[in-house]
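Please examine the structure shown below, with attention to charged pairs, a surface patch and a pocket.

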Amino acid sequence: MEIRPLKLRDLENVRELEIACIREYFSEILENKWEDLPQDWKDNLGSTSKKAFKTYLSSGLSFVAEEDGEIVGCIFAQMLHNIYDAENMVWVDNMCVHSYFRRLGIGYKLLKAVMDEGHKQGANIVHSAIQPKNQPSIMLHKKLGFFMDRRDIALFDMNDYNKKNVL
Ligand SMILES: CC(C)(COP(=O)(O)OP(=O)(O)OC[C@H]1O[C@@H](n2cnc3c(N)ncnc32)[C@H](O)[C@@H]1OP(=O)(O)O)[C@@H](O)C(=O)NCCC(=O)NCCS
């Protein structure tokens, strides 16, 4: 099993893998069937969406795990600047390991690859957003020494901002 940087030619395979992981997640929280969700909304999901992929490809901080020529895991990250008092912050957007290949240390190696490269690029901190009930992901991050400071974040959806009548 090889961990290597993400390449343009990986797009189709990593898209498929990421969507499979997103579907797995949504099947637990959404009542709607995946097939019934709007296609344009689904197209914009994830680090491998048309809009996001180039950013993660060019960051030098995204990796895939390859086994016998097949992609079995991927992680997407980029460097952000001057956030949370950090000059250089690695932002881990998403990671996924094919369900058949889980618990073999692949997620660990992928996240470690991001940390190693982030360190080389001068990162002060690594930020990874984890859903509160995602125990495998929480345990993986803890194993690598991440701490959770219980910071809650507030989000505001800027779509249709003018129609929202914020005074
Ligand atoms: C989270 C995920 C990436 C972990 O990948 P993985 O390759 O299975 O993880 P690893 O085998 O490297 O596990 C490393 C450590 O993480 C923890 N861990 C991983 N999966 C776990 C699970 N199901 N239950 C408890 N701990 C788990 C363990 O501490 C494990 O070390 P150990 O096997 O020596 O006990 C994978 O489960 C996945 O793709 N899930 C769906 C997508 C997702 O949730 N992505 C994360 C978004 S933030």
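Lys-163 is exposed, with a relative accessible area of 66%, where buried means under 20%, exposed over 50% and partly exposed in between (1.4 Å probe, protein chains only). Its partner in a salt bridge is Asp-160, with 3.8 Å between the closest N and O atoms; the term requires a side-chain nitrogen of Lys or Arg within 4 Å of a carboxyl oxygen of Asp or Glu. Asp-160 counts as partly exposed, at 49% relative accessibility.

The model is predicted: local features need pLDDT of at least 70 and side-chain atom pairs count only at pLDDT 80 or more, whereas totals for chains, interfaces and linings use all residues. Residues are numbered from 1 along each chain as its sequence is written, and side-chain values use heavy atoms, with hydrogens and water left out.

Seven salt bridges are present in the structure. One of them joins the side chains of Arg-4 and Glu-66 at 3.2 Å, N to O. This pair links distant parts of the chain, 62 residues apart, with Arg-4 in strand S1 (residues 2–5) and Glu-66 in strand S2 (residues 63–67); helices (H or I, at least four residues) and strands (E, at least two) are DSSP runs, numbered from the N terminus. Both Arg-4 and Glu-66 are buried. Together with Asp-10, these two residues are linked in a network of salt bridges.

A further salt bridge connects the side chains of Arg-23 and Glu-35 (3.1 Å, N to O). Arg-23 belongs to helix H1, while Glu-35 lies twelve residues away in the loop between H1 and helix H2 (39–43). Arg-23 is partly exposed, with a relative accessible area of 37%, whereas Glu-35 is exposed at 53%.

Phe-156, Met-158, Tyr-161 and Val-166 make a nonpolar surface patch of about 410 Å². Such patches are made of residues with over 30% relative accessible area and no salt bridge, nonpolar side chains (Val, Leu, Ile, Met, Phe, Trp, Tyr) being joined within 5 Å and like charges within 9 Å. Met-158, in the segment after helix H5 (135–143), is exposed, with a relative accessible area of 52%.

Helix H1 returns in the second largest pocket. On a 1 Å grid over the protein atoms alone, a pocket is an open set of points where a 1.4 Å probe fits, with protein on both sides within 12 Å along at least five of seven lines; lining residues have an atom within 4 Å of a point. The volume of this pocket is about 200 Å³. H1 gives the most to its lining, with six residues, and H1 (11–29) and strand S3 (70–83) each supply at least two.

Key
Accessible areas come from the Shrake-Rupley method with a 1.4 Å probe; for residues, only the protein chains shown count as cover. Grid points are joined across faces, edges and corners, and a volume is the space filled by probe spheres set on the points.
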